[in-house]
Amino acid sequence: MDNEVHQGFETLAIHAGQEPDPTTGAVVPPIYQVSTYKQDGIGGLRGGYEYSRSANPTRTALEVCLAEVEGGVRGLAFASGLAAEDTLLRTVCKPGDHVIIPNDAYGGTYRLFAKVAEPWGVAFDPVPLGDVDAVRAAVRPETKLIWVETPTNPLLGVADIAALAAVAHDAGALLVVDNTFASPYLQRPLTLGADVVVHSTTKYIGGHSDVVGGALIVADADLGERLTYHQNAMGAVAGPFDAWLTLRGIKTLGVRMDRHCSNAEKVVEMLTRHPAVREVLYPGLPEHPGHEVAAKQMRKFGGMVSFRMGSEEAAVAVCERTRLFILGESLGGVESLIEHPGRMTHASAAGSPLEVPADLVRLSVGIEDIDDLLRDLEQALA
């Protein structure tokens, strides 16, 4: 793709890294379901390929596309979002280092820090990232990363990416942004000063609940080289079919996100009026504490909605009564999902500073007919 020609998001999503096959003219990159490659003499790699853990043409197409849509210089595709996070941590950090994480981070991210990184010797502190002064106060001389989710999972908190990038860089640290909830269609952290973007591509990027994957996209070529070395050395790479499915998902990301957002806005409107709902958490609400920041750095406010019912029993009951909203973990697929974070996605944070409210319900609002979704929620809340 010619980077000197400005192209819109949807154009990049469909074309970046995906030129028609030179042999057949196929407009979709082939699935190179292969482990090894014929070399043109000893050490003579054809197109840079020797072994599919190191590189695979289908994965390369995905990685190029990811870099383009996020505005980065290098994209790397992994077997899962947590594989991407682990590779980043072990590339950038060493025992004795320190990381700041959100005080309402995704449960799997918290588990990675608490049960894997901390025993290895990397300390971490959960901090409310909406409070820039609190983040600045938590920085230590050994802080290597400020780890951001915005919006956060599942409380939908918002962090000011540009402000936190300044705090990180003043401290000689890197700013990492988990952009899974927003997707690159709604938010591009690298353009706001972040150094690394993390995705669970399982979610909105893949978009169809049929593939697990993760990604890192970086603004600095040298960091990209280091991560590429560790990606190969550690080996948790995306397989070719998974890369192909994820790439297929990216093509429709823009149109899907438009529908996710418009449906979510109508769900929020209904929930805020419903007498059984105690509080609605959504960055698009003017009373949301992060609304102004979200409006500044996001195109729209996303398809994730959380709400509180006042009691755990009421929250669990709503989760059990929906029919169209499927009770399940994960998010970002075309179908709507409902879950109880305290007992499901965030159970690993129970008893920790990141424990979520017991009366919380989280929705991943899909792209179904909005009237059907509203009727389903109304009968579940009745």
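Pro 151 sits in the loop that runs between strand S4 (143-149) and helix H6 (161-170), where helices (H or I, at least four residues) and strands (E, at least two) are DSSP runs numbered from the N terminus. The model is a predicted one, in which local features need pLDDT of at least 70 and side-chain atom pairs count only at pLDDT 80 or more, while totals for chains, interfaces and linings use all residues. Residues are numbered from 1 along each chain as its sequence is written, and side-chain values use heavy atoms, with hydrogens and water left out.

Most residues other than glycine have a negative phi, and most peptide bonds are trans. The relative accessibility of Leu 156 is 2%, so this residue counts as buried; here buried means under 20% relative accessible area, exposed means over 50%, and partly exposed is in between, with a 1.4 Å probe and protein chains only.

A positive phi is also found at Ser 209, a residue other than glycine, where the angle is near 55°. Ser 209 lies in the loop between strand S6 (196-200) and strand S7 (214-218), and with a relative accessible area of 48% Ser 209 is partly exposed.

Along its principal axes, the C-alpha trace spans about 70 × 50 × 35 Å. Of the 382 residues, 53% count as buried. Among the contacts with a separation of 6 or more, 71% are accounted for by residues 24 or more positions apart, a contact being heavy atoms within 4.5 Å.

The protein chain exposes about 15600 Å², of which carbon and sulfur atoms supply 53%; accessible areas come from the Shrake-Rupley method with a 1.4 Å probe, and for residues only the protein chains shown count as cover. There are 31 positive and 49 negative side chains, and the centres of the two sets lie 3 Å apart. In this count Lys and Arg are positive and Asp and Glu negative, with His and the chain ends not counted, and the place of a charge is taken as NZ of Lys, CZ of Arg, CG of Asp or CD of Glu.

A search of the whole structure finds zero disulfides, a disulfide being a pair of cysteine sulfur atoms within 2.5 Å. For Cys 261, the closest cysteine sulfur is that of Cys 65, at 19 Å, which is too far for a bond. Cys 261 is buried, with a relative accessible area of 0%, and Cys 319 counts as buried at 5% relative accessibility.

Lys 94 is in the loop between helix H3 (81-92) and strand S2 (98-102), and is partly exposed, with a relative accessible area of 46%. Leaving aside residues up to four places away in sequence, Lys 94 touches Trp 120, Val 122 and Lys 144. Val 122 lies in the loop between helix H4 (107-120) and strand S3 (123-127), and is buried, at a relative accessible area of 1%. Beyond its neighbours within four places in sequence, Val 122 is in contact with Cys 93, Lys 94, Asp 97, Val 99 and Ala 117.

Pro 353 and Asp 125 are 228 residues apart in sequence, yet their C-alpha atoms are 9.7 Å apart in space. With neighbours within four places in sequence left aside, Pro 353 is in contact with Asn 103, Tyr 110 and Pro 126.
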